[in-house]
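Open the model in your viewer and keep the selection tool at hand. Each stop below says what to select and what is there.

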Amino acid sequence: MPGALPQAREAAASRGGTFASAPMKTSEIHSRLKAATAEMHARLEQQLDLLRDDLTLCDYVGLLERFYGVYEPFERMAEPMLKRVPGIEFERRKKTELLAADLLHLGASPVGLALLPRLPFTVPEQPEQLLGWLYVLEGATLGGQILARHFATRLPLSAGCGLRFFTAYGEETATMWRRLLEVLAVHGQTEVAARLMVDSAVSAFARLLDWFVAGSYSLDLSAA
Ligand code: HEM
């Protein structure tokens, strides 16, 4: 929906949301990550078109299923390497349980969750590659704040009931983002590391674009 997002950003700012918080110092690696992925982020936003007025609960469930198919295998694959990265707070950042709780609340069964399609991941050689992915997946919590408010006004959802993923950090969203950027800045100081991170973030967005295009919004999990 053209024009909806700038309005949503302004609305978030006026309510004291993430986008009203004091501007944070942008590290070089953050600038590079943001610049390299900005166009793909815009395409993904456009492709998902989540601020449209006719989004149904069925669309929403399909969306959560697609997110589940990304976060679950990513977190399983990345955990051994990422939990050793100082300051990353990986345990706190995991979203699989939140997505599962939302889907179960909306009628999915545990068997249905187990059968959901997953994005295949292979363990990369360097932690910086996982940090590039984490930049992308954690960035989704920023848009999540706007989206959660939008969904809550149109669908029978609230923070504890079906919106746990999109409200993952609540008031802590800006803080969690700032702390992630600090860790990325520490790890992105050499050109080799920075390039690994940026390439990985670009390829993460490319894979997400494909993944969401291929996604079905009408799987009925309760029957599984
Ligand atoms: C799979 C879906 C998505 C992913 C992976 C994603 C990823 C990201 C990333 C990485 C950032 C950080 C940019 C930075 O470095 O500052 C970000 C920021 C943001 N995203 Fe998304 N995003 C997704 C969907 C959306 C959607 C659908 C919206 C629409 C509301 C959205 C709105 C925003 C906003 C408002 C920001 C804050 C930064 C800004 O003002 O430009 N995102 N997102």
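**Before you start**

This is a predicted model: local features need pLDDT of at least 70, side-chain atom pairs count only at pLDDT 80 or more, and totals for chains, interfaces and linings use all residues. Residue numbers start from 1 along each chain, as its sequence is written.

**Stop 1: the whole chain**

Colour by secondary structure. The chain has nine helices and zero strands. Along the sequence the pattern reads α-α-α-α-α-α-α-α-α. Helices (H or I, at least four residues) and strands (E, at least two) are DSSP runs, numbered from the N terminus.

Now colour by burial. A residue is buried if 20 or more other C-beta atoms lie within 10 Å of its own, exposed if 12 or fewer, and partly exposed in between; the C-beta atoms are placed from the backbone. Buried residues are 31% of the 224 in the chain.

Next, contacts. Two residues are in contact if their C-beta atoms, placed from the backbone, lie within 7 Å. Take the contacts between residues at least 6 apart in sequence: 85% of them join residues at least 24 apart.

**Stop 2: helix H9**

Select residues 191–214, which form helix H9. H9 has 24 residues and reaches 35 Å from its first C-alpha to its last. That is close to the expected 34 Å, where the expected span is 1.5 Å times one less than the number of residues.

Which residues of H9 are buried? Highlight Ala194, Leu196, Met197, Val198, Ser200, Ala201, Ala204, Phe205 and Leu208. Their cover includes H2, helix H3 (57–82), H7 and helix H8 (173–187).

Zoom in on leucine 196. Leucine 196 is buried, because 22 other C-beta atoms lie within 10 Å. Beyond its neighbours within four places in sequence, leucine 196 is in contact with Gln126, Glu128, Gln129 and Gly132. Draw a distance from leucine 196 to glutamine 129: their C-alpha atoms are separated by 5.6 Å, although the two are 67 residues apart along the chain.

**Stop 3: H2 against H9**

The axes of H2 and H9 come within 9 Å and cross at roughly 5°. H2 is therefore roughly parallel to H9. Axes here are lines fitted to C-alpha atoms, for helices over the stretch in contact, with angles running from 0 to 180 degrees between N-to-C directions. Angles under 35 degrees count as roughly parallel, over 145 as roughly antiparallel, 65 to 115 as roughly perpendicular and the rest as oblique.

Show side chains at the contact. On H2, the residues include Leu33, Met40 and Leu44. On H9, they include Val198, Phe205 and Leu209. By class, this contact of H2 with H9 has 17 nonpolar, three polar and two charged residues. Ala, Val, Leu, Ile, Met, Phe, Trp, Tyr, Cys and Pro count as nonpolar, Asp, Glu, Lys and Arg as charged, and the others, Gly among them, as polar.

**Stop 4: two loop residues**

Most residues other than glycine have a negative phi. Two residues here have a positive one. Aspartate 49 has a phi of about 50° and sits in the loop between H2 and H3. Aspartate 49 counts as exposed, with 12 C-beta neighbours inside 10 Å.

Glutamate 89 has a positive phi near 55°. Look for glutamate 89 in the loop between H3 and helix H4 (90–93). Glutamate 89 is partly exposed, with 15 other C-beta atoms within 10 Å.

**Stop 5**

Select phenylalanine 74 in helix H3. Phenylalanine 74 counts as buried, with 23 C-beta neighbours inside 10 Å.

Move to arginine 164, in the loop between H7 and H8. Is arginine 164 buried or exposed? Arginine 164 is buried, because 22 other C-beta atoms lie within 10 Å. Past its neighbours within four places in sequence, arginine 164 is in contact with Leu98, Ala101 and Asp102.

**Stop 6: the ligand**

Finish at the ligand. Of the 21 residues around the ligand, Lys34, Gly139, Ala140, Leu142 and Gly143 come nearest. A residue is near a molecule or strand if its C-beta atom, placed from the backbone, lies within 6 Å of it. H7 gives the most, with eight residues. The shell divides into 14 nonpolar, four polar and three charged residues.
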